[in-house]
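Dear colleague,

I am handing over a structure for you to look through. Please open it first, and then read my notes below alongside it.

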Amino acid sequence: MGKLTVIGSGDAFSTGGRFQSCFLVEEGEENFMVDCGANAYVNLVRTFGDLDRLQRIFITHFHGDHFGGIPFILINRRFFGKGSSLEIWAPMGAKKRIRDLGEALYPGLGDELVDQHGLFIREYESEIEFESGGIRVWPVPVVHAPDSIPHGLRVNFGEKTMGFSGDTEWNSNILRIAEGTELMMLECNNFSSIRPGHVTYSQIEERGAEIRTENLVLNHFGEEMLSNLEKVKENMAEDGMELFF
Ligand SMILES: [Zn+2]
Ligand SMILES: [Zn+2]
């Protein structure tokens with residue numbers, strides 16, 4: 001049986017003290033992670049321990065609360081890694097974006113961080129399926145800050161399929177990502193205010209029946225959502241929560 005651990009269920013501001021976006025999926029010896037927000041790194045170390053075991057990371061878009069933790073994973077690997085392989089998949093410009101972020105945080109080390117032995121940083125393109133160690137991933141463009149190259153991901157892992165919306169406002173591609181999945185992690189930043197780039201809970205109340213998944217789990221909560229917890233009927237992610245599939 002596989003397990004998804006919520007490493008970070010929070011938004012960009014870590015509202016309510018939640019870690020930024022990060023989901024770890026494990027089954028047997030295989031694992032992958034979706035996103036690693038800057039401060040999610042802390043909870044990843046606490047939860048997962050030896051980062052040398054981490055096999056692949058899929059990044060939904062280039063915002064700090066989704067990929068800001070990557071340089072810390074790489075510097076940990078640079079100093080303490082035992083040479084195991086790690087694949088990182090991200091939208092177009094992946095290697096340069098990660099290199100530049102690493103260089104800003106650790107001047108002089110940017111190139112060294114991305115050119116490590118056993119590290120493979122790869123770019124995916126919208127609507128072109130990629131494969132990583134037998135895991136098939138379909139990147140679907142979503143509606144969010146365009147400069148961040150936002151995508152949702154549909155991941156086939158063994159017999160199971162799971163969806164990750166990344167950050168997006170309500171749009172029909174959410175339904176495509178979720179269709180027939182065992183588990184759908186959907187961002188829901190706001191409760192009643194409609195704001196560009198993010199889903200609002202009232203939209204899920206209206207249209208939620210169209211989301212065809214066995215288990216819908218909301219995440220990426222802002223203040224409005226956290227102030228209205230008792231009114232939310234769907235499952236809400238919590239840091240440290242484990243979901244079995
Ligand atoms: Zn975000
Ligand atoms: Zn974002």
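Which residue is the bridge partner of Lys 3 in β14? The partner is Phe 244, and strands here, like helices, are DSSP runs numbered from the N terminus (E, at least two residues, for a strand; H or I, at least four, for a helix). Before going further, please note that this is a predicted model, in which local features need pLDDT of at least 70 and side-chain atom pairs count only at pLDDT 80 or more, while totals for chains, interfaces and linings use all residues. Residues are numbered from 1 along each chain as its sequence is written, and chains are lettered from A and ligands numbered from 1 in the order in which they are written.

The sheet

β1 and β14 pair in the antiparallel sense over three bridges, where two strands count as paired if DSSP finds at least two bridges between them. They belong to an open sheet of seven strands with mixed pairing, in the order β6-β5-β4-β3-β2-β1-β14. Its edge strands, β6 (119-123) and β14 (242-244), each pair on one side only.

The helices

In helix α1 (residues 40-48), the buried residues are Ala 40, Tyr 41, Asn 43 and Leu 44; a residue is called buried if 20 or more other C-beta atoms lie within 10 Å of its own, exposed if 12 or fewer, and partly exposed in between, with C-beta atoms placed from the backbone. Because these residues cover an arc of only 160° around the axis, they lie on the same side of α1, the arc being that of the directions from the helix axis to the C-beta atoms. They pack against β1 (3-8), β2 (22-27) and α3 (70-80), and two residues are in contact if their C-beta atoms, placed from the backbone, lie within 7 Å.

The axes of α3 and α4 come within 9 Å and cross at roughly 75°; axes are lines fitted to C-alpha atoms, for helices over the stretch in contact, and angles run from 0 to 180 degrees between N-to-C directions. The two helices, α3 and α4, are therefore roughly perpendicular to each other, a term for angles of 65 to 115 degrees. Their contact is made by Ile 70, Pro 71 and Leu 74 of α3 with Ile 98, Leu 101, Gly 102 and Leu 105 of α4.

A buried strand residue

Met 185, found in strand β11 (residues 183-187), is buried because 30 other C-beta atoms lie within 10 Å.

Best wishes

Definitions and conventions:
Angles under 35 degrees count as roughly parallel, over 145 as roughly antiparallel, 65 to 115 as roughly perpendicular and the rest as oblique.
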